[in-house]
Amino acid sequence: MNQLKRCFVWLSRIHRCRGFGIQSPTDYSFVRYVVNEHWPYYAYEQFKGDDWLTRKLGRLYFRLANFAQPQTMLVDRYQRYWHAGCNTTVFAPIINKVELARIDINDVEGCECLIDRCTQCSIVVIEGLWRNWRYWHQIEKDERTSITFDLYYCGIVFFDKNRFKHNYKINF
């Protein structure tokens, strides 16, 4: 993605940064201290050398793993970021219950299979929203999901049915 388009995306979402307008204290703290945390973490130094988007998403995945502390996860290309956030996580090629997972939005069949294995405590990251907006909006409206965060580069989906359904668009 070129620099001009990145600037346009950022400017179009400027009024949605740092949790502005979010009324839920839980969602506000998640956006403020996990999604848009700008303080340098202890492990950021080991992530040098990646391109800007891989580093940006990797740092988010590091903070998500630090937040969720999953016991098991699917084997993933961002595994070193996930593992830096929670070094007790075991990576497996197949899991029965999803705690925290990442999948590409173009893998529709994989997404459906993954969402079917989610519980109330599951968090799923769907990467590459800009490539398939129609499918992302289906996920937002899906009865199995509760809270969704559209970060443009990826989406974060929560499945806690005790909470009211809400879709947030965040400047990330």
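Two strands are taken as paired if DSSP finds at least two bridges between them. Helices (H or I, at least four residues) and strands (E, at least two) are DSSP runs, numbered from the N terminus. Strand 4 and strand 6 run antiparallel and are joined by five bridges. The bridge partner of isoleucine 123 in strand 6 is phenylalanine 158. Strand 5 is also antiparallel to strand 6, with four bridges between them, and threonine 148 stands opposite valine 157 of strand 6. Three residues lie between the strands in the hairpin of strand 5 and strand 6, where tyrosine 152 takes a positive phi near 70 degrees.

The model is predicted: local features need pLDDT of at least 70 and side-chain atom pairs count only at pLDDT 80 or more, while totals for chains, interfaces and linings use all residues. Residues are numbered from 1 along each chain as its sequence is written, and side-chain values use heavy atoms, with hydrogens and water left out. The pLDDT (the predictor's confidence in each residue, from 0 to 100) averages 86 over the chain, and 90% of the residues score at least 70. Where pLDDT is low, the predicted coordinates should not be read in detail.

Relative accessible area was used to class residues as buried (under 20%), exposed (over 50%) or partly exposed (in between), with a 1.4 Å probe and protein chains only. In strand 6, five of the five residues are buried. Cys154, Ile156 and Phe158 cover one side, and Gly155 and Val157 the other. In a regular strand the side chains alternate between the two faces of the sheet.

A nonpolar core is a set of buried Ala, Val, Leu, Ile, Met, Phe, Trp, Tyr and Cys residues joined through side-chain atoms within 4.5 Å. The largest such core has 36 residues, of which Leu60, Tyr61, Leu64, Trp82, Phe149, Leu151 and Ile156 touch the most other members. Two or more residues each come from helix 2, helix 3, helix 4, strand 4, strand 5 (147-150) and strand 6. Helix 3 gives the most, with seven residues. Apart from neighbours within four places in sequence, leucine 60 is in contact (heavy atoms within 4.5 Å) with Val34, Val35, Leu151, Cys154, Ile156 and Phe172. A second, separate core holds 18 residues, including Ile105, Cys111, Val157 and Phe159.

Glycine 58 is found in helix 3 and is buried, at 0% relative accessibility. With neighbours within four places in sequence left aside, glycine 58 is in contact with Tyr78 and Tyr81. The C-alpha atoms of glycine 58 and tryptophan 82 are 7.9 Å apart, for residues 24 apart in sequence.

Nine salt bridges (a side-chain nitrogen of Lys or Arg within 4 Å of a carboxyl oxygen of Asp or Glu) are found in the whole structure. One of them joins arginine 80 and aspartate 50, with an N to O distance of 2.4 Å. This pair links distant parts of the chain, 30 residues apart: arginine 80 is in helix 4 (residues 79-85) and aspartate 50 in the loop between helix 2 and helix 3. Arginine 80 is partly exposed, at 39%, as is aspartate 50, at 22%.

In the salt bridge of glutamate 127 with arginine 77, the closest N and O atoms are 3.1 Å apart. Glutamate 127 lies in strand 4 (residues 118-127) and arginine 77 in the loop between strand 1 (72-74) and helix 4, 50 residues apart. Glutamate 127 is buried, with a relative accessible area of 5%, whereas arginine 77 is exposed, at 59%. Asp76, Arg77, Arg102 and Glu127 are linked in a network of salt bridges.

A salt bridge is also formed by arginine 131 and aspartate 104, with the closest N and O atoms 2.8 Å apart. Arginine 131 lies in the loop between strand 4 and helix 6 (133-141) and aspartate 104 in strand 3 (residues 98-104), so the pair ties together parts 27 residues apart in sequence.

Glutamate 37 is placed in the loop between helix 2 (25-35) and helix 3 (52-68) and is buried, with a relative accessible area of 14%.
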